[in-house]
Amino acid sequence: MSLWGTLTGKKSSSTSSSSSSPSSSSSTPSQDNAPTTSFQSTPFDPTTAQDVTSFLGNASLPDPSQLHPLAGLNHQTLDYLSLDESALSDLPGSRSALPSRGWSDDLQYGTGVTYLSALTLGGSYGMIEGLRRTPASAPPKIRLNSVLNSITRRGPFLGNSAGIIAMVYNGINSTIGYYRGKHDSANSVVAGALSGMLFKSTRGLRPMMISGGIVAGVAGVWTVMRKTLF
């Protein structure tokens with residue numbers, strides 16, 4: 001190779017052209033051997049697509065109504081349970097203002113009604129007392145304060161005292177009725193006397209007798225009213 005050829009690169013270009021010619025000739029057979037198969041996409045048909053019901057049908061999921069514990073029972077021949085606790089008391093004379101199933105109902109109704117009644121009565125008395133104690137010329141705030149103090153002093157005291165007496169009275173009355181097998185006026189009067197005496201048992205004999213007589217008289221009036229109205 002001459003110096004001029006080295007500088008101008010003539011031989012190298014001819015060499016590269018000669019080397020590229022076999023590659024082009026070799027690529028020709030590969031193009032001739034390429035597969036001629038062509039793929040064509042089919043159009044989408046919405047009617048053939050599967051919806052949600054295809055996998056949520058009856059065959060894949062169980063019937064929800066069969067999951068209930070009483071699903072396999074025949075409702076026509078089913079005997080309903082009769083609970084003894086729901087039966088009313090059958091003791092003679094046990095009928096009262098409200099249906100009673102026994103001593104528990106009497107205890108709840110009697111204690112609740114007596115407590116609320118005494119609380120209302122005591123609060124009313126305290127309101128009247130508070131209005132009488134304050135002069136008419138007093139400012140409204142002072143009169144309101146006096147009334148609220150009297151209500152909170154008289155109402156809860158009378159309500160709590162009557163609620164305790166009613167609780168003891170119902171317990172004693174139910175116990176006497178259980179052993180005697182009936183509820184009558186004698187049970188109520190004796191239960192009232194005992195509950196009143198027990199309430200004032202720490203004050204001495206005289207307060208015990210006075211309290212027992214008052215509660216026994218109230219119980220006697222209640223028995224007369226119950227026989228008259230119910």
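I started at Gly-181, which comes just after α4 and takes a positive phi of about 80°. Helices and strands here are DSSP runs numbered from the N terminus (H or I, at least four residues, for helices; E, at least two, for strands). A note on provenance: this is a predicted model, where local features need pLDDT of at least 70, side-chain atom pairs count only at pLDDT 80 or more, and totals for chains, interfaces and linings use all residues. Residues are numbered from 1 along each chain as its sequence is written, and side-chain values use heavy atoms, with hydrogens and water left out.

Next I stepped back into α4 itself. Helix α4 covers residues 140-180, 41 residues in total, and its first and last C-alpha atoms are 58 Å apart. That is close to the expected 60 Å, the expected span being 1.5 Å times one less than the number of residues.

Then I checked for aromatic pairs (ring centres of Phe, Tyr or Trp, the latter by its six-membered ring, within 6.5 Å; planes under 30 degrees apart are stacked, over 60 edge-to-face, the rest tilted). I found a count of 1. Tyr-178 and Tyr-179 form an edge-to-face pair, with 5.3 Å centre to centre and 80° between the planes. Buried or exposed, I wondered about Tyr-178? Tyr-178 is exposed at 63% relative accessible area, and Tyr-179 is exposed at 68%. My scale: buried is under 20%, exposed over 50%, partly exposed in between, with a 1.4 Å probe and protein chains only.

How many salt bridges are there? I counted 4, taking a side-chain nitrogen of Lys or Arg within 4 Å of a carboxyl oxygen of Asp or Glu. One of them joins Glu-129 and Arg-153 at 3.9 Å, N to O. Glu-129 lies in helix α3 (residues 103-133) and Arg-153 in helix α4, so this pair ties together parts 24 residues apart in sequence. Glu-129 is buried at 11%, whereas Arg-153 is partly exposed at 37%. Glu-129 also bridges to Arg-154, with the closest N and O atoms 2.9 Å apart. Arg-154 is partly exposed at 30%. Through shared partners, Glu-129, Arg-133, Arg-153 and Arg-154 join into one network.

I noted another bridge, between Arg-180 and Asp-184, at 3.2 Å between the closest N and O atoms.

Last, the whole chain: I logged 6 helices and 0 strands. Of its 230 residues, 20% count as buried.
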